Amino acid sequence: MLAYLNIPRSQLNDTYIRTEVAPYATGLGGVNEAGNHSFRLADWLWLGLLAVIVLIIRLLERANRHQRHMTAMNLSADQQRFWKQNKSILWWIKKHITYAPIGKTRHNREFKLSSAVNMGTLPSRLHAAILLSWVLINIIACVYLEYSGPNPYRMAAELRGRSGYLALMNVVPLVLLAGRNNPLISWLQISFDTYNLIHRWLGRVVTIEAVVHTCAWAYVKLAETSWEGIRHMIATDAFIGYGTLGTVCLLLIAVLSLSPLRHAFYETFLNIHITLASLTIVAIFVHIKLAGLLELSLTMLALIVIWSYDRFMRLFKLIMLNRKGNKWTIATITALPGEASRVTLHLPRYVKIHCGTHAYLRFAGLNVWESHPFSIAWTMDHLAYFPKHEMDTENGEGRIDFSKSTTDVDFVVHAQTGITRRLYNKAKASGGTVTVRAAIEGPYAGHHSLSSYGHAILFAGSSGISHQLPFVQCLLKGYVDGTVATRKVTLIWIIRHSEHLEWVRPYMEQILPMKRRKELLTIKIYVTRPRNAADMHSASRTVQMFPGRPDVEILVKEEVAAQVGAMCVTVCGPGTLADGVRKAVRQNQETGTIDFIEESFTW
Ligand SMILES: Cc1cc2nc3c(=O)[nH]c(=O)nc-3n(C[C@H](O)[C@H](O)[C@H](O)COP(=O)(O)OP(=O)(O)OC[C@H]3O[C@@H](n4cnc5c(N)ncnc54)[C@H](O)[C@@H]3O)c2cc1C
């Protein structure tokens, strides 16, 4: 048998080719359909099982949080001791699995070859385990073949069938998990970032399987005909032509998705990626339709319908959110000290926005095809009221007319090198403020609530403050209204220069005078490169400024020593800060209930 593997076609005898090679050159000859179905089941069951396990864990967490919220809401800080204590081995799982990076510390700190060449980040320990288990299932499926027969071409046909089938099955989650509107984000409370990570790994495996599928076909075809025969089939046979097109598109996508290329030319990458992905899906659909595989064709068709629906709905929602009659969203961009801009979007309608959400923005006249994500720092509703009715109470202002109300949404945007810098430059060149037409897509995420925690520590690095401010506002309001369990909030903000304080001045002017603010909120600001010692002025015991970088481990330890009820530590900022806070939280897991939430600006 082995002798035939390397023999040129000219030396294989015609009878062998007719009886032992040709039957396995195309179609279902040699394909183990029963085996393919079993592995499809294993592949999907594994992904489904993981989703169900996460869903059950999330539901249990929600139930626990709800119970804690309902009971602790009415308790003072001292009475929340029950919720402070660890009651199971959950702390061990959080420390060593769910919150753990692969190694000791590094998770979200990017690998950079230079300031321009970004190699991406490392997955967490849990993510790595999940991805590894799924990759293993795919490897096992591809090598679990019938090896006993004497004919290598039959084995190649079986490998072609298996790899092609698996690639198809994996294309389904590959496409579904990539969407911004993927409903699993809120159901499983897993961030878009994590689905993106899974999407990238699914993509790599699908590409390898498609290449194996094509090579296994070419190996048999070469023995049956010649290189010329292969070329001829690709050019003239629609079934083979579309299959090859699908594989070539996937290979191109894989090369263009390499981290340095993706990060360096993100928008160009994204547009080419979507075009190539659409082409791949259509090519695969035609390929399997021509093969007469009805069930698989229907699966692909369903995928095309869902994907098109998602794109259509995104466009529909974008127009609905940003247009009302002849009014369109307008953005006021204000240049701030420290190379940042405040972007205020004046929406033509009222929108309810939750804490911890972000939205994608695009601006007319500034590469309108680019849309960038930014955390929503502040919202201001302009409420309209129905005319006073005789049924309204004496003091009431009447009912709110949401159809005539509008919302303003604020973002703090730090100037990088692309559109964020052009925004800043445009505002600066126009005397500090400029107005342009804009569009907002979202809001997205916002599925974390801190209301059930007795104690919250919010870390922010630079523009990461925009993610934390709405939580401060919500918790303060909830504290005064008696609707949250939170009795202690510490906001730690790390900035480079004290002029960055201007970024949040209008919001702090509203937060600081809030009723009972001093009972709940302590603000610690660390200025890593102060220009002037006089700037380091602590306004009061509850608003303090320090020069230099904070020692995150000591800060967390101090807070843990004075922990009130269950604690939540959240961080939004550069990868180094996030990794440091993660480490500090893991170090204190034995001490009490401490949860960790990270909002990442990396992707
Ligand atoms: C959920 C989320 C919330 C964010 N919130 C804020 C915020 O409140 N304030 C703030 O200043 N920044 C925020 N960012 C980061 C911000 O989106 C990027 O800095 C911005 O897109 C860079 O644009 P640029 O053209 O100037 O980038 P460049 O200078 O060209 O690149 C700078 C970095 O941004 C990356 N980048 C470029 N385009 C995109 C894109 N469309 N999406 C994501 N990253 C991109 C680049 O790969 C590079 O790593 C957030 C990011 C995410 C993912």
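Welcome! Select Tyr 153: with a relative accessibility of 1%, this residue counts as buried (buried means under 20% relative accessible area, exposed over 50% and partly exposed in between, using a 1.4 Å probe and protein chains only). Before you go on, note that this is a predicted model, in which local features need pLDDT of at least 70 and side-chain atom pairs count only at pLDDT 80 or more, while totals for chains, interfaces and linings use all residues. Residues are numbered from 1 along each chain as its sequence is written, and side-chain values use heavy atoms, leaving out hydrogens and water.

**Aromatic pairs**

How many aromatic pairs does a search of the whole structure find? The search finds 10, where rings of Phe, Tyr and Trp (its six-membered ring) pair if their centres lie within 6.5 Å; planes under 30 degrees apart count as stacked, over 60 as edge-to-face and the rest as tilted.

Helices (H or I, at least four residues) and strands (E, at least two) are DSSP runs, numbered from the N terminus. Tyr 219 is partly exposed, at 25% relative accessible area.

Next, select Tyr 350 and Phe 402. Here the aromatic pair is tilted, with 4.7 Å from centre to centre and 45 degrees between the planes. Tyr 350 lies in the loop between strand S4 (340-346) and strand S5 (357-363), and Phe 402 in the loop between strand S7 (378-382) and strand S8 (406-414), so the pair ties together parts that are 52 residues apart in sequence. Both are partly exposed: Tyr 350 has a relative accessible area of 22%, and Phe 402 one of 44%.

**Charges over rings**

Select Arg 180 and Tyr 360: the charged end of Arg 180 sits over the Tyr 360 ring, 3.5 Å from its centre (the test is NZ of Lys or CZ of Arg within 6 Å of the ring centre and within 35 degrees of the ring normal). Then try Arg 68, whose charged end sits over the ring of Tyr 453, 4.4 Å from its centre.

**Two stretches to colour**

Colour residues 270-288: the chain there is 100% helix and 0% strand, with its end C-alpha atoms 27 Å apart. Finish with residues 163-180, where the chain is 78% helix and 0% strand and the end C-alpha atoms are 29 Å apart.
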